[in-house]
Structure formats: structure tokens, C-alpha cells
Amino acid sequence: MELVCPAGSLPALKTAVDNGADAVYIGFRDSTNARQFAGLNFNDKRAAEGIDYAHSRGSRVFCAINTYPQPDGWEQWKAAVDRAAGLGVDAIILADMGLLDYAASRYPDIPRHLSVQGSATSYEALSFYKDNFDIRRAVLPRVLSLDQVRGVAKYSPVELEVFAFGSLCIMAEGRCYLSSYLTDESPNTRGACSPAKAVRWQETPQGLESRLNDVLIDRYGQGESAGYPTLCKGRFEVEGSVYHAIEEPVSLNTLDLLPELQELGISAVKIEGRQRSPAYIADVARTWRQALDNLERTPGMFTVENNWRNTLSGLSEGGLTTLGAYHRKWK
Amino acid sequence: MMKLSLGPILWFWSKQTVFDFYAKAAEWPVDTIYLGEAVCSRRRELKPDDWFDLARDLSACGKEVVISTQTLIESEADLRRLGRICDQNEFLVEANDQSAVQVASRHHIPFITGPSMNIYNVATLRVLAKQGLKGWNLPVELGRETLEQLITGLKQEDLDLPAEVFAWGFLPLAWSSRCFTARHYNLPKDNCEFRCLQHPDGMELRSRESQELFRLNGISTLSGSRYDLMRELPAMERMGVNTVRLSPEHQGMEEVVKRFDQVRRGEVPATDPLQLVEAPPCNGYWYGKPGMDLIG
């Protein structure tokens, strides 16, 4: 299985490559990718430098152009595909059907990967993308259980990549408009979820409050650690109880599932986090490299080492990790 | 004149409630009725044959009927149900996922896409037209300007693909494999005891300042405010919108339909407020603002 790591900047890209990433994924510095953050992502010069660096060390570079262009953005998004092609990326990660069509007809030789934002959760959906745009690989949404991944993998017409570690989107990616409902930006339209421009922190007599476009997302008591106000991970009231009504702020960690994912024929595991620092990327990439190497070296004998577990726990939201939807115990 | 449609029932109602609802709807001035379960695979009060019987009845009453498919397809069983819906030649299908586009197109069944299909540009519509697309819904997070550009783009390419707009009801905003209703009751999803039946219009999720944010409805999350584009009907008509979708609720629906029907006929001032069911109104998406906003 390949290790696919995030790179929000050139230093992060180099770090990921140096620590064993088989491939890194990057995006341009605009809303054409689903992780638009101030000060992150790549211009053409940096991207070219990153691609050179990765290629000279045997790693590949994927370029994510995985937001959904509206008519007034069409030329810009199309140009992003042209730029990626011109830079010589190893694959373009796309979600929009129109853009996939453009890339497939214009650059048939550049592999196309279906982004997780494309929201394909069945082999029929994968067949749609394979038949129409000849995609080579698809990233599965983080909503499937392991059994369901097994079902998809069994008949999948394309390579599969699954999320292995990082923040946990609990809604089917590409079909979540919660963010634009509260702010005016969503992953689909602007490559942003709970955008920073709408966030406000305030110390009040009731505690520290986090707000998203003035909506109270969470309130923290003394000594409680405060998380970024991602709206689906706030504390709300439902029928008189206040709790994390949608999801706790936890991270996904599927180290324990590696042998099963391998057995299912999964081609790649993906680390989330283009917004993370190079130091974070270094720790995560190194840990997963060791785990994957171990998996290859000791068939049938794979065990998760404590130091991997500790490293990853320390890097997780709230220090908590979960197998997410991969197991079916969650409520 | 623009058509009025009743979207699929997004909530979980008992079989009798569903039958009673459509018995009344047969008499309402709606042109198109979407039937079927679009949210949760565990909601099986009505079997596929029940839906088809209902479809035939409503069809006989002069309604155009479309069978809706599940939005999040996760299992072999979900695909079997999808196959069953597409294995017929009586009714159009509402595809709510690429799986449905693939299966419908394989069966040569013409289809309409629901609002959860990501149609953001004309190139996408062109792709789907090749598969048998006969009409499409604007994704709920898009507004007037984009819609206008899409309709203009279609005209320029000579593509006849009628546009439908979700214009009244709680906006379906997200789908998950987690069930938030089961979570609230501390039940595993696979043994949810069908608690959604107790919440015929979802469970209110409020901020700790009592702001109505969302409605939890099984695996789906809807808006806490009710989208209401009644005042925009004349603008939609000018733009060339073909159908206006009203999302079923278990109370007050007849009045809603009646009022929209009046407005599309130009019989009442478009500014007349619609205060039928308790819930704050919103229309922000239409104006390119946060969806929860109320403009004007």
C-alpha cells in the first residue's frame, strides 16, 4: 500500500518526501482546491520546485483541484487543470463531473483520481466515473464501515485510496453544505469549511466562547481545551440535553486496520492535513512509513507498536482517536 | 406556468401517515410528486411495491410521478433497492447519487437529478445529458446568479434540460453514515428502534443560546430555518425555471401548496408572508449569502 501525504507548503512537501511518502498531494493557492487556507498551498513556481524535489527522490505528486466550479469560475478551474498538466504532476485529483470530462478529453494521459469530494460510496458510482472519465483511482469517503469498504473493493473497477489518519469528516464529503449554511462558504464552493474569516473567540463570564458567523458553536469551562469551531463538532442542545450532538472532536486513526485494508486490496492510505505544520507531517509520515514497512515485512504478524500509537495520539484532536465509521460501534 | 412539485418525504412517517398524506396530495394543485425513501435504508414502512402502487394511483389522478432513490448508497442492499427502482419502465427516477445515474442509464431509464447531486456548471449537465438526464435540481447551496448563468449556458448549447428549484421547506444540508437520532437516544444505528417515527419533522438542534440551527433527521441534517422562496417565484418564472419544489411536512402542507399555486398564477401579492408552520424563515442561499440569513 502506498502512503499518500498532505503538503500545504513546500517545506511540508519536502518533509513528507524525506519521511517516506510515496506520494504527496498539493493544491493551488486559490479556491480550486478543497483546503483553501490563508498562507498555504502552491503557486506555479513552488509547485514546480516541489515536483522536482519529489521526483528526484522517487515520490510522486498529485494535484487536487477538487472544488466545484460555477459558471463564472469555469475558466479559472479549467486553467488550474491546464497548469497542473503543464507542471507535470503525476495525477490530478478531481471531483466535478464537468472538470473530469475536460481533463479526460484534454489530457487523457495524465491519470485522474476521483477526490473524496466526489462522494462515491458504491462500486456503481465508481463505475460511473470509470466509464465516463476513465479515472484510475478513487478516494473513498470516510463514512463507510470496513464491511462496506469490503463490498466496494470487491467489485471496484478502479484503485482505491482510503483515509488513514487525521481530522474526521463525518458527513459524506462533497455533499455537506453545513458550512455555507452558517457562513457563505463551503468545501464545494470555496474549498473552506467553517472558514477562519467567520470565527470569533470571546472570553465571557460563562467561559471562553467560539462563534462562527455569530452562532455560538461551543463554550469552554476553565481548564477545558478549546478546539477550532468546526460547526459539526460543537456542543448543542437537543431536547434539553447539551452535548456533541453531531460528533466529538476526535481524529481518525486506522493503524489497527492496516492488515485488513491490505487484504481488501486497497492501493493507498491517505493522511489528512494540508493545514498542518512540517513538524506534524514529519511525525505522521515517519510513523505510517514504519507501520507500512512492517506490514510488508511481516505478513500475517502485523502489530501496532506502542510508540506509533503514542506519537499519533499526541497529534490528534483532543488526544482522542477513533476508527471512525470503519467500525460499527459508534452511535 | 411553472410547475409545482412535492419533493420526496425526507422524514420518517408511518405507512398510514404516508398514504393519508398522498391521498390528500392527489387533490392538491401540484404537478409532480416524488415518491420513495431518499434518506435512510432502515426506513422501510413502505416496500418498493407499495411505492409503485402509490405511484400508479397518483399517476391515475393526473400527477407526474418520479421515484426517488436513496441519497447515500452504502451497501449491497442499497444497490439492490436501487436496481429494483430502475428495473421498470413506467416512471422517471430521481437520481440522488452517481450510483443511481449509472444504474438508471444502464436500464435506459430517463432520470432527473435531485438537489444533492453536485451540478455546478454546464459541462456537468452535458455529461449527465448523455446518460439520460431529463431535468435537474439546483444544489441547495447555490443561488439566483449561478442558476441564471446555468440556464443561459444551457440555452446557448441548445440543451433542453428543465431546471427545478427547492423553494420551500427545511433544506437537506448533509448526509452521514452516522445516525444522529440514534446517537441522541444512545442507541447503535443498527438497532435504532426507529426513533425517527417519533419525530415527524426531525429533532431541533439549537445553540446554547437557543438559536435554531439544524434539524436532525436520522442520518441527514437539515436546516433549522425553513427555506422560503415564495416571493422569488416571479423572478424564477422570468429566468426560465421549470419547476418549484416544496418539501413535504406533516402539517400545513395543503395551505403551503395553495399559496404557492396562487402566487404562480399571480393571484396574490408576492410579498404576502407565509406564516403557516412554526419555524424561522430563511432565503440567504438565493442571494449568495449564508443560507440561514433572511434577506428583505
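Residues are numbered from 1 along each chain as its sequence is written, and chains are lettered from A, with ligands numbered from 1, in the order in which they are written. Because the model is predicted, local features need pLDDT of at least 70 and side-chain atom pairs count only at pLDDT 80 or more, while totals for chains, interfaces and linings use all residues; side-chain values use heavy atoms, with hydrogens and water left out.

**Exercise 1.** Describe how H5(A) packs with H5(B).

*Solution.* Step 1: identify the elements, which are DSSP runs numbered from the N terminus (helices H or I of at least four residues, strands E of at least two).

Step 1: take the geometry. Axes are lines fitted to C-alpha atoms, for helices over the stretch in contact, and angles run from 0 to 180 degrees between N-to-C directions.

Step 2: list the contacts (heavy atoms within 4.5 Å). From H5(A), A:Phe128, A:Asn132 and A:Phe133 meet B:Val127, B:Leu128 and B:Gln131 of H5(B).

Step 3: sort by class. Ala, Val, Leu, Ile, Met, Phe, Trp, Tyr, Cys and Pro count as nonpolar, Asp, Glu, Lys and Arg as charged, and the others, Gly among them, as polar. The contact of H5(A) with H5(B) has four nonpolar, two polar and no charged residues.

**Exercise 2.** Carry out the analysis for H4(A) and H5(B).

*Solution.* Step 1: H4(A), residues 97-106, packs with H5(B) at about 80 degrees, the axes being 7 Å apart. H4(A) is thus roughly perpendicular to H5(B).

Step 1: A:Met97, A:Gly98 and A:Asp101 of H4(A) meet B:Ala123, B:Thr124, B:Val127 and B:Leu128 of H5(B). By class, this contact comprises four nonpolar, two polar and one charged residues.

**Exercise 3.** Characterise the aromatic pairs of A:Phe128 with A:Tyr129 and of B:Trp11 with B:Phe170.

*Solution.* Step 1: apply the criterion. Rings of Phe, Tyr and Trp (its six-membered ring) pair if their centres lie within 6.5 Å; planes under 30 degrees apart are stacked, over 60 edge-to-face and the rest tilted. The whole structure holds 16 aromatic pairs over all chains.

Step 1: A:Phe128 and A:Tyr129 are edge-to-face, at 5.2 Å centre to centre and 85 degrees between the planes.

Step 2: B:Trp11 and B:Phe170 are both buried.

**Exercise 4.** Which residues of H1(A) are buried, and against which elements do they pack?

*Solution.* Step 1: in H1(A), residues 10-18, the buried residues are A:Leu10, A:Ala12, A:Leu13, A:Thr15, A:Ala16 and A:Val17.

Step 1: these pack against strands E1 (2-6) and E2 (23-26) and helices H2 (44-56) and H10 (278-297) of chain A. Just after H1(A), A:Gly20 takes a positive phi of about 105 degrees.

Technical notes. Buried means under 20% relative accessible area, exposed over 50%, partly exposed in between (1.4 Å probe, protein chains only). Angles under 35 degrees count as roughly parallel, over 145 as roughly antiparallel, 65 to 115 as roughly perpendicular and the rest as oblique.
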